Amino acid sequence: MYLRAFLLSALRSATSGDRRYHLWMGSLTAVMLLGAYGYYVQVTQGFGVTGMNDHVSWGLYISNMAFLVGVAAAAVILVLPAYVLHDVDFSRAVLIAEGVAVSALVMCLAFVTANSPGLPFKWWRLTPVIGLLNWPSSMLAWDVIMLNGYLVLNLAIPFYVLYSHFVGHEPAKKKYVPFIYVSVVWAVSIHLVTAFLFAGLPARPFWNSALLGPRFLASAFTAGPAFMILLLGFIKTTSRYEIPDAAISKLATVTTVAAQVNLVMLLSDVIFEFYSPTHHSTSARYLFFGLAGHHALVPWIRTGIAMNLLATFTLMIHPLRRNTRVLMLACGALFVGIWIEKGIGLVIPGFIPSPLGEIVEYTPTWVELLVTAGIWALGLFVLTVLVRVALPIELGEVRSPNLEAPLSSRVIRPRTFRPRYEEVRPVRTR
Amino acid sequence: MTRDRTAELPESPDDGTLLQKPVDRRGALGLLVGGLAAGAAALSACTPLNAATPKEREIRLLEWEEFTQKHYRRMTEKERAETIERLERLAKLRDNQDVTIATTGAQPGVLFGYAFNISKCQGFRNCVEACINENNLDRRAGTQYIRIFEMENGVVDLDEANPTYQHEVPTPGHFYLGAQCFQCADPPCVPVCPVGATWQEPDGIVVIDYDWCVGCRACMAACPYWARRFNWDAPEVPREEVNPDQHYLGNRARHKGCMEKCTFCIHRTRKGRLPACAEACPTGARVFGNLLDPNSEIRWVLANKHIFRLKEELATEPRFWYFSD
């Protein structure tokens, strides 16, 4: 076993870099510290320092959580083709997608923790036997299981693959492929479960719709790949790690299709709410047009939808989509647009008006903004570390000490010149 | 019950065993020191180890026991008694209050129901005030379990109602409708709790174990009647206004970060008394009683009046009816 060597070299990879790298990690740490301060204020003084109240009982934290579960689930867009359909183009990007999933899940769990005053210390109550996990009836209990399970899967599979490469073996298919299948189903499930957390509440007609689950998936498969395109583009331009153009263009196609489906579902929702507006449409009215002089969310949702529309139509025009700069801009717009539409544009109006018709608006306080920024910084920090550890191993730059000695029986080729998996069968893509 | 009387640790045993694992004397010492250091670091704020005075020390110790206590429904009678003793002691130590906390269970053959007469209610809100005093509701946040809606005659739409009126009542051309926890027969707030901290008792009252609640507020999102309240900050009740007659599942002191709700005054009704709101109502608009007792007033109302419930289409089966004369 070279676990110790692996961990040490991972630590080395993660902590060494040029000045810009250290500046980046330093700034993330600074934001994380600010977030920690915000969290300290929230824990010591109570949740009264947040903008949430008895009417709007979930705010920025759960909004971000709902969005990020989608980003995590979207790893399946690369995992499925790369491992199950043996797509060569995605094989080099899939580890990065799993890294994105891990960091998104870390953020999700951090947001769930930040949202519950008891959780940092009473987390053990969510475990069976010593605690009392109200499974299967509680959707939150499902979510806890799903998120943690998906985190374990997305840590274990890439770890096994990377470790095998580190020590110079090819990963044994039978050891990890079964888990790939599990993780494909799991990815779709985590997001459906998160949608049911909202959709399963008849008290909130705005969420209580069968479309919510599919809509969550459509927006997840838009925002997730959009982020992957941005990240892969960045890695491509800043490292030696080769990512085939085909991978990015395939992802761009997936993003475009998902964004269109998402818009269709949005349209369907809007028509459902406004063609024959009932009492159940008041939240939608509040969101899109404002209600009785309250319209805090109107500029947000309109900006979000405008960004989605613009980006989707841009991506639908082939020459524009093939232009890297336009593609990156459109993906950035989609990521932010979906964050608005699915985060604050979905969670908060569910509470306004309250079930008994009172309208109390929600504005996040500086504490919530700090904690939220801190958690995003934490996610980016984790992502950077994971990518930083994975790339040198995949490039063959970092290897187990046993491979440093001359080996007569084995020739180690640099990984740059071949597909990552020996077992990958080339498939005709056109 | 888990106990952590670190201060009362016995002298380290001479037979060289610790944790059922044979170790030599030096190893045992290392384990002890290491364990103590790690423990102290992890629990520095909440252990009795760093308390200044004996009183503070006792409070910390009791708080630690409170933190590790079991779910109320899993406690044995003995554990419940210990818990109550501890809570009463904490009230004494912290605020010099002498409270009695009951654990009275549901009485056999009792199922509580409530009926509200919308033609009698004049919107005085005596019930709201009585509820605040009776249930030790947070004065700083102004928590209220009961909401009285002022509604225009001819409009049965809560969206159009005014729940925050501040003027002389009754206003001509209006009627008043009170809402609180309806103790639904199929409560949507119960299954959503991830830690099972809220449940329905056999007499129909939906209760919360405040100490078990992790404060995720899923139940709040699930309630179609906006009946649940959250302790965003540490609740404050002036010492002289505290109602010392308390129940573990009812009006005992809550802490910041836990959910609470109307329990039909569980500490009163389980002893055969009326809820404070029903007792305080000067108009007789509130009828409370045992649904299983065919001779109760509530049964008479249900049988002889035109009744309705809010949001029947959600099929939560509230045990709270409205009627008019």
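Me: How many bridges join strand β5 of chain B to β6(B), and do the two run parallel or antiparallel?

Reply: Start with the general idea: strands of a sheet pair through backbone hydrogen bonds, either parallel or antiparallel. Here, 6 bridges join β5 (residues 147-152) to β6(B), and the two strands run antiparallel. Strands here are DSSP runs of E with at least two residues, helices are runs of H or I with at least four, and both are numbered from the N terminus. Two strands count as paired if DSSP finds at least two bridges between them.

Me: Before we go on, what kind of model is this, and how are its parts numbered?

Reply: It is a predicted model, in which local features need pLDDT of at least 70 and side-chain atom pairs count only at pLDDT 80 or more, while totals for chains, interfaces and linings use all residues. Residues are numbered from 1 along each chain as its sequence is written, and chains are lettered from A and ligands numbered from 1 in the order in which they are written.

Me: Back to β6(B): why is it described as largely enclosed?

Reply: Burial is a matter of counting C-beta atoms, placed from the backbone: a residue is buried if 20 or more others lie within 10 Å of its own, exposed if 12 or fewer, and partly exposed in between. In β6 (residues 174-179) of chain B, 5 of the 6 residues are buried, so the strand is largely enclosed by the rest of the structure. For chain B, with its 325 residues, 40% count as buried.

Me: Which strands stand at the edges of the open sheet in chain B?

Reply: That sheet has 4 strands in the order β12-β4-β14-β13, with mixed pairing. β12 (286-290) and β13 (307-308) stand at the edges with a single partner strand each, so one side of each is left without a neighbour in the sheet. The partner of β13(B) is β14 (residues 320-323), joined to it antiparallel by 2 bridges. In β14(B), B:F323 is the bridge partner of B:I307.

Me: How should I read the sides of a helix, and which residues of α3(B) are buried?

Reply: An α-helix has 3.6 residues a turn, so residues three or four places apart point the same way. In α3(B), the buried residues are B:T83, B:L87 and B:A91. They cover an arc of only 75° around the axis (taken from the directions from the axis to the C-beta atoms), which puts them on the same side of α3(B). On the other side, B:K78, B:A81, B:E85 and B:K92 are exposed. The cover over the buried residues includes β3 (100-102) of chain B.

Me: What span does α3(B) reach from its first C-alpha to its last?

Reply: The expected span is 1.5 Å times one less than the number of residues. Helix α3 (residues 77-95) of chain B has 19 residues and reaches 27 Å, close to the 27 Å expected. Just after the helix, B:N96 takes a positive phi of about 55°.

Me: Which residues touch the most other members of the largest nonpolar core?

Reply: In soluble globular proteins, nonpolar side chains tend to be buried together. A nonpolar core is a set of buried Ala, Val, Leu, Ile, Met, Phe, Trp, Tyr and Cys residues joined through C-beta atoms within 7 Å. The largest has 205 residues, and A:A72, A:A75 and A:C108 touch the most other members. Helix α6 (residues 94-115) of chain A gives the most to this core, with 16 residues. Two residues are in contact if their C-beta atoms, placed from the backbone, lie within 7 Å. Leaving aside neighbours within four places in sequence, the contacts of A:C108 are A:M65, A:L68, A:V69, A:A72 and A:L147.

Me: Where are the cis peptide bonds at A:P136 and A:P353?

Reply: The bond from A:W135 to A:P136 is cis, with omega near 10°, and A:P136 lies in the loop between α7 and α8 of chain A. Another cis bond joins A:I352 and A:P353, with omega about -5°. A:P353 sits in the loop between α15 (324-347) and α16 (366-395) of chain A.
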